Every structure is written in C-alpha cells, then in structure tokens.
Amino acid sequence: KNKPELEYISELSMHSALQLQIQDNYVTIDNDVIRLTLSKPEGNVMEIQYNGVDNVLEVRNQVDNTGYWDLNWREPQSREMYYRITGTDFTVIKEDEEQVELSFTTTWNPSLEGKVCPLNIDKRFIMLRGCSGFYTYAIYEHLEGWPDFDLTQTRAVFKLRKDIFHYMAISDDRQRTMPMPEDRIAGLPLSYPEAVLLTNPTNSNLTGEVDDKYQYSCENKHNRVHGWISSEPAIGFWIITPSDEFRTGGPVKQDLTSHVGPISLAMFVSRHYAGEEVDSKFRNGEGWKKVFGPVLIYLNSISDAEELYAAHWEDAKQQMMSEVQNWPYDFPASDEFLCSDQRGTVRGRLLVKISEEDHAAADSAYIGLAPPGEIGSWQREGKGYQFWTIADDEGSFCTSNILPGEYNLFAWISGIIGDYRCNYKLMIEPGSDIDLGDLVYEPSRDGSIIWEIGIPDRSAQEFYIPEPNPKFNNRLFAGNHLNCSSSVEKYRQYGLWERYTELYPDSDVIYTVGTSDYTKDWFFAQFTRFKEDGTFQATTWQIQFTLDKLDEPGTYKVRLSLASATDAELQVRFNDENVFPPHFTTGLIGKDNAMARHGIHGLYWMYDINVSSSMLVRGNNTIFLTQSRSSGPFQGIMYDYIRLENPLFSLNSRTDLG
C-alpha cells in the first residue's frame, strides 16, 4: 500500500493485545479484534480492518474521504460554507493495556477569519481492549472575543464498501436491501436532488421505486443504532449513539441516519426538519465549549445464523442497550467529558390540573432539562445540552447524569395541548440530587370544548394520508411489505404533495363537525395546488359547525397547534372568507421542510385565537383556514390539533385533560 516504514511501536504495544503503531503520515491501533488506521495529523479514518476484510470502508475513495468529521458554517447573514475537520497536530493522550486514546487537533487564529470556522476542535478516537469497534468524540471550542458565526451542521461520516454492504437497517420495521449508488446515477431525478426514481437498478426487484435518504430519517429519541450488513462476508457496521444530550433540538428532532452509498452518519447538529431556527448561533464574541459524543462504531460478525440479517441486527441492538446502560462512560480521557459522579440528578412528579380540587398524573410525559428559555424553547435550542426522560404512570420522573449548569425544566404530554415550563431555573452541581416534589401543569383552557379535530400529539399522523402515486412507490412503506408494521408509515412515500391536487383538483377540504371523520376527511397537510400553467395556488380549508346558542357578549377561543410549517402563512377568518385583513394570521412561519422530507412533523407551533361572539352566529358557522403563500410545491402546514372553546368558564365543564 506504499506506506512509509514504521516510525514507532511503543514498548507496551509489543507485549499487549492492544497495539499502537505510529508512522510518518498515519497511525494504527489494533486490539486483535479490529485494526483502525487514521491519517496523521489529519485524523481521518483510512482503514477499518475486521474479520479478515482488509478495509470495510470504500477503497475507491480517497484516503481522506472514507471516514471523517465535517461541519457547515456561515458568518452572520452570509453564505453557508463547508469545512472538513482536518487536524494539524497529533497527540497520544492515553496508552495502556486497556485503552488507547488519540487526539487530532485544529487551532483557529485570526489569519483564518472568513475562511475557516472560528473553532478550536479536538477530535478523539478511543480503542479499548477486546472491543469490537472504536469510539469517537470531539470537543468544539469558541473562545471569547472570536468572530460571530452560525454552526448549521456537524457530523461524523463513514463511507462503506459498496461491493459488500447492500442491506441497511434503521429500526425493526425499516430495513431492506438497498439500491447501488450507480442505480441513482442512472435513475430519473425527481423534484429535488435527493429523490431519484430507479429505472434500471442492479437489483431488478427495486425497479420503479423511489430512493431518497430522507425516507430513512429518525427522531433523536429513537436514533440509537443504525447501519449496514454484508452477507458475504458476514459483517455488520453500526453507529451507536448512547445519549441524546449533545444533539440539538430535543428528543423529537429528526435527522438523517444511513442511506445509499453505502453511507452511515452520526448527526450532531443540523437544520433538518427544523430550519435555521435550530442553528448554533454565536454572537457578541461569546465563549462556548461542547463535547459531541462519544459514539461507538461497532462491527459484528455472525456467520452461522439461520437469519443472518436478523442476527446481526439483534446483536447490534444488544450492544446499543449495553452502551446506553454504561452512559456516561468512565473511560474518555478528556477533562471536558464528565463521568457520572461529576453530574447531577433531578427528580419529582408532574401532575395535570383538572379542576381546583382535582389533579391527574402526567402519565408518560416527556420531561427534560434544557438551557433556560421561553416555554417550548427547547425544540429550537442549538448550543447547550439537553436531558430528557419519560414519566411513569404516576407522573414521577428522575433525570440523572445532568451536566453542571443552569437549566429550565420543560415537559409536554401526548394528548394534552401545549407545553409546560417550571417557573424557576435549576442550578445543577456535581453530585447534586434535587427533589422538586409535585409540579402542576395547567393546560390552556377557558371554557368547555365545543368541538375538536385531531389529537394533540405534535404530529399529523392521525389524519388522512393517501396512497402514493403507483409510479413513485417505495415498497418498504407499503402496508403489505414484510417489515411494514403500520400504514402510518405511508407519510414517508414520495410525492404526496402532488396527491393533494389529484384528490382536490378544484376545491379544498371541507370538514363538517359531527359528520366528518378527521382520519378520513382531513388531509394530513395543507399543500398548495398545482395549476396547469405550472404555477401554484393558495388553498383554503373550511370547518363548518353549528352553534345551538350564542353567548353574547363573550369571547370564544380557538386553540390551534401546528405540527409543521414551511414558508407558510395561515390566515384564519370567521364566517367571511374575503375579509381583509384576516381575523388572525400567523405571519410567515417555518423552514422545517418536513413535507418534502417525508416527515409527519417538524417544529411545533401553538396559537390561541380570541373570537368575539360578534364574529359568530346562532346556527351554521364556518371557519376559513387559508395557507396564503403559494410560490412552490413544498409550502404548507401540517395541523396537530384544533378546538373551539366556549367563552363561559366553568371548572365543572373540564371533563377531559385537553
């Protein structure tokens, strides 16, 4: 391989199963299970040797393009730039019989302003004795007084051998044989570069399917293990992420996993399904430091299994559960990564107020600590750490291993509209154990509910999702596919925005309270309408309902929550479709692009709309919902939940938690 002569083998390595070899321009760690070769001083992954395979990475790639860390950044109000994180200094941090830890650092200086992201980055790799893989993490630092910038994306990337890795697994019900990269090149490009119709794939069984990497995205809370399996030789390659604490956007933020290449990603920061609102923004020379990872790159080989793919996947899941159990790790050598006894714990119980006398347990509530902010700010938070857990059936929770710092406690409950935030900030110190006792969340509610549409669960999955156009199918998400457990996955199909125009060519959704069924009659997203001249048309949905009596004077309330918005403006009018200005408007909102990227939600939006009784009538009423922005096919919104409340406040009328 034309590598230079060996420069250094430590004395310890000559007598240990864990060997470190340092040469002029690369370094190798070998623990008799896996052999890892890294470029020096750049710190890119050149080779991963495992189970008789010289390199599981794509050997056709350049040596600095097979395994690496990278980021996207921009100066404020400037264009986005790409930066491959390339070390300039190499250091052996730790070397003993149990562990080798290496550091590849890059240091910023003022001469690089405007050219290189203003961060010091310490990229680490760890190999443990007997471990079937290696760990990688990185420490990012922005010193006080350095230039302002936005960090829009950062990740670790691994490009695998396409001649052996053909089967991809993301979850129990999302795994399959994948197309080859050549199939995408030869296929028919669709509405955006990531989506390609496979016209003559290497595997003819895939003919007529759409491939798009966003079909394999995953929420942070479920994104623990994903990767690829080779059948000959029998090898699995997995990225295991044992904690969400260093990811941005909270537990339901969605991001990429693995996709055609074959490629596997460890995503830490991105705009996916959120937009630039979740960027890590640094202003006024603020100082900042954060540890991303460690994540485990795990390899397995189970050659004698009757179900080879299932055996590798189940083993990878077992390894993932072991890593989660052992978090936070006690072996990273950096002082910036804190072990368990340097962290804190918060516990308590969350109750939901039903009436002045009655409270219910916040069963299965999502409860988390995130940097201080407004109610719901955690989903747009991009710089700090977050720590989330799920309450038990009594509303009790315990969030452990919290890094020292100042936090707010946030919560939300599927089935109950809105967000909760504890009124005071929490200061976590090493070893602290804070018992908050009983906390009470009082959901937004004035009077009794007249009617409601949907389920307040921060997604649009309960609404009507059409079958895809047969020309743009992905059989993995069809109801009759071996691995498809539920038709709810239909939202991952390509081209559903076009189906709206096909189903509603001349008019829009009309929902009649008491007659219509939101699972059949409420389309899952309010798209624009395609017109024959190639332009797009705004759409107006109607909610028709009857009021047997009208409380005058009085103020009714519409509670409206959105599961997604992309370059959209929702205008709301009552009994007059043409009144201008509208009775209510969200203004231009959203950049999450969830509809084009096969998501069923993006960022969550909540609105309370006061409705004077003068806008309503006794008898038949109509609410007009207009998505007024219409310059492209992907503008629109997804509704989460809508309800109308009476103006009369009655504690006794609270017959549910909504």
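This is a predicted model: local features need pLDDT of at least 70, side-chain atom pairs count only at pLDDT 80 or more; totals for chains, interfaces and linings use all residues.

Student: What is the peptide bond from Gly261 to Pro262 like, cis or trans?

Tutor: That bond is cis, with omega near -5°. Another cis bond runs from Glu232 to Pro233, where omega is near 0°.

Student: Where is Pro233 found?

Tutor: Pro233 is in the loop between strand 19 (225–231) and strand 20 (234–240).

Student: Why point these out?

Tutor: Because most peptide bonds are trans, and most residues other than glycine have a negative phi.

Student: OK, phi then. What is the phi of Tyr273?

Tutor: Tyr273 has a positive phi, near 60°, and is not a glycine. Its place is the loop between strand 23 and strand 24 (280–282).

Student: Is Tyr273 buried or exposed?

Tutor: Tyr273 counts as buried because its relative accessibility is 2%, and the cut-off for buried is under 20%.

Student: And what about the phi of Asp567?

Tutor: Asp567, also not a glycine, has a positive phi of about 45°. This residue belongs to strand 41 (residues 555–568). With a relative accessible area of 23%, Asp567 is partly exposed.

Student: Switching to salt bridges. How many are there?

Tutor: The count comes to 40 salt bridges. One of them joins the side chains of Glu98 and Arg129, at 3.0 Å from N to O. Those two are 31 residues apart and link distant parts of the chain: Glu98 is in the loop between strand 8 (89–95) and strand 9, and Arg129 is in the loop between strand 10 (120–128) and strand 11 (133–142).

Student: How accessible are Glu98 and Arg129?

Tutor: Glu98 is partly exposed at 41%, and Arg129 is partly exposed at 48%.

Student: Which residue forms a salt bridge with Glu277?

Tutor: Arg380 does, with the closest N and O atoms 2.5 Å apart. Arg380 is in the loop between strand 28 (366–370) and strand 29, while Glu277 is in the loop between strand 23 and strand 24, so the pair ties together parts that are 103 residues apart in sequence. Arg380 is partly exposed at 23%, and Glu277 is partly exposed at 30%.

Student: What about Arg271 and Asp279?

Tutor: Their side chains meet in a salt bridge of 2.8 Å, N to O. Arg271 is partly exposed at 22%, whereas Asp279 is buried at 4%.

Student: Which residues are linked in a network of salt bridges?

Tutor: Asp446, Lys557, Arg559, Asp608, Arg643 and Glu645 are.

Student: New topic: which residues gather in a patch of negative charge?

Tutor: Asp363, Asp392, Asp393 and Glu394 do, on the surface. Asp393 lies in the loop between strand 29 (387–390) and strand 30 (396–402), and is exposed at 56% relative accessibility.

Student: Last one. Which side chain does Thr106 contact?

Tutor: The side chain of Thr106 makes a polar contact of 3.5 Å with that of Tyr83. Thr106 is part of strand 9 (residues 99–106) and is buried, at 9% relative accessible area.

Conventions: Residues are numbered from 1 along each chain as its sequence is written. Side-chain values use heavy atoms; hydrogens and water are left out. Patches are made of residues with over 30% relative accessible area and no salt bridge: like charges are joined within 9 Å, nonpolar side chains (Val, Leu, Ile, Met, Phe, Trp, Tyr) within 5 Å. Accessible areas come from the Shrake-Rupley method with a 1.4 Å probe; for residues, only the protein chains shown count as cover. A salt bridge is a side-chain nitrogen of Lys or Arg within 4 Å of a carboxyl oxygen of Asp or Glu. Lys and Arg count as positive and Asp and Glu as negative; His and the chain ends are not counted. The place of a charge is taken as NZ of Lys, CZ of Arg, CG of Asp or CD of Glu. Helices (H or I, at least four residues) and strands (E, at least two) are DSSP runs, numbered from the N terminus. Buried means under 20% relative accessible area, exposed over 50%, partly exposed in between (1.4 Å probe, protein chains only). A polar contact is a pair of N or O atoms within 3.5 Å; within protein, one must be able to donate a hydrogen and the other to accept it, and residues adjacent in sequence count only if both atoms are side-chain atoms.
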